Amino acid sequence: MGLVAMRGNGDVPHVVEMVDVGVVTDVGSHHARNPNPLSTSYAQSNLAFRDVRFEISVRKGRGIKSGEKVRQVILAPISGAFDAGHMIALIGPSGCGKTTLLDIIAGKKTAPYDGEVFLNGRPRDKLYSRVTSYVPQQDVTPSYCTVSEVVEFNHRLRVDLGDSPGETNERRRICDEVLGNFGLLSVKDQLIGDAYIRGISGGQKRRTTLARGFIGGAQIVFADEPTSGLSATDAELCVRAMRTASESKGVTFVVVIHQPRVEVAAMFDHLLLMTSSPGRVVYNGPFKDAAGYFTAAGHSPGKVVNPTDYFLDVITPDIAGNAADAMVELYLNGQAKEVELAVQKHIETGGKSPIETLISAGPPLKVGNGHIGIHSVSFKTQIKTLTKRRLTLTLRDTRQLKTRFTMASLQGLIVGLAFLDIGKKLPVQQLSFLFMLLQIGALSNMAVMPEMIAQRLVFKFENSDGLYSTAAAVVVDTIVNNSLAVTGNLVTTIIMFSLSGLSWSSFGMLYFWSLIYFVVMVNYFKIIGAVAPTHAESLQVAMPGLMLFILFNNFFVNQATAPLFMRWALYVSPMAWTTEQIITGLYPDNEDLKIFYGYDDSGGQTATALGVLVGEAVLFQCISRVCLARMNNIQR
């Protein structure tokens, strides 16, 4: 039996194709399944939570004690129990805490909260992220990736199929199966796209994000408003894709959704309906029973309105005549007790732990290299997968490559012409050229700050999902970005040097030191890329250190002129060490320059300079790694 998968150009399906994923029943007969043998790990994880509560500190705005902090409750204690393989909708008015609740039970909430979350009756552990997946409201996907590459990237990092000869074909078969489930086979080779690149539509992009969340063998998928900003048709296609995955694989979907139309609401099994000020539950049970529940409470939605719209009218505090408080009271006195019993039953019944699920799953979900950790695959596989994607994105983005190397050539040409034949003039007149050669190498890194911060955003989302480690991201970034940066700097340096009239016999020495300095500055700007909140603020963040390095460069301010209390700056400035080594190397017999600037050309000084520069390059790299891991994290 095959799964009916929608396929077509654009978002409206017009072709039906059969994908071999096991027996699939109609939406109405939800529990009749025969999962594919490759999916035996699905449909075996129940989710429960008890007394989940969240509050924040806010400042009073008026009165004698204006500015005093008080605690504001965002979520009153909420409990719930969701069976494996169900579609759960979290619905409520704006500000009721739907996303807050989702983030807490998904394990993504970064702020402190109260309550307990259980997977198969057990408290969550570090492997929770291995058997769950989170789909954020925004699509954070590299624009130069194709749909299939996005899905395969997640699968490769979440599922270890080993190195068998048929691994590639098997992975593609699995990915195509999932793309078929989500109606994306017809656009699998199209780019995601962005404002500058033509790509897939918004609805297709949302389904791609859902597919990448599903592909890694997650037992439970948490989705934050996956239909936000979509047309009614696109929204229905997204939810239907989730329903198809739930029907065929028994995956649980917990979805924050805003006022779904009747056809969309009918695809959910369970409704958790919340009101606001603070967030409280008014209904927590089967979706199909909600209308009867409200009718019994004296609030019949009738037959001509969308029941979900009517529910929200009844329980939204800002609407005149609402019955929010009465419905909350009704819930607490009745249904809440049933929910508590269901939670307790989940805890007592238990089930497999995440580690047992991972071990027993077999293909396509298995443990990487026998290691049960927060990452599904080995460090080597992470490096290989990240490098492949980064190289692919770099080579496809021809506009960025052309801009990078065109600017590198123009910089070299402009500075070279400004110092045309400077090598034929006095050594003291040549020093400003050498300063500009180093300075261009440092400032050229500012041009790529927006790209670095954009890459950081993608990293933060993927790293928070446990796809790969910070160390793997840093290694790949060092290999690819440093190679591009060094190549661009080499182009600039060769053009400048060829126009300067200096002897080519000195080029090797000059470039050796300028290259080491350049690598130090590349790593310095990596710190800025990790620390700066946005690329617009990156210049302000970079400026203090940049000014220190440029001013105390052993040319403007040097050993002979620096105040004693600022002499330390010459020892930490990589530009100062580099300038001294280049000038003493170019003019070894010019004692006047050495005395004037206070230079030391002894062999020991050269070794010290090399040690300091290499040490700073390593230090800046380590600091950037720490900052990348700990700063500008996604706040939920």
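I take buried to mean under 20% relative accessible area, exposed over 50%, and partly exposed in between, with a 1.4 Å probe and protein chains only. The model is predicted, and I keep local features only at pLDDT of at least 70 and side-chain atom pairs only at pLDDT 80 or more, while totals for chains, interfaces and linings use all residues. Residues are numbered from 1 along each chain as its sequence is written, and side-chain values use heavy atoms, leaving out hydrogens and water.

Entry on salt bridges. I count a salt bridge when a side-chain nitrogen of Lys or Arg lies within 4 Å of a carboxyl oxygen of Asp or Glu, and my search of the whole structure returned 27 of them.

Entry on Arg261. I looked up its partner and found Glu236, with the closest N and O atoms 2.4 Å apart. This pair links distant parts of the chain, 25 residues apart, since Arg261 sits in the loop between strand 12 (252-256) and helix 7 (262-265) and Glu236 in helix 6 (residues 232-249); I read helices (H or I, at least four residues) and strands (E, at least two) as DSSP runs numbered from the N terminus. Arg261 is partly exposed at 32% relative accessibility, whereas Glu236 is buried at 15%.

Entry on Asp477. I found a salt bridge from Asp477 to Lys526, with 3.5 Å between the closest N and O atoms, and it joins helix 17 (residues 470-500) to helix 18 (residues 507-531) across 49 residues. Both Asp477 and Lys526 are buried.

Entry on Arg53. I noted that Arg53, partly exposed at 24% relative accessible area, meets Glu55 in a salt bridge of 2.9 Å, N to O.
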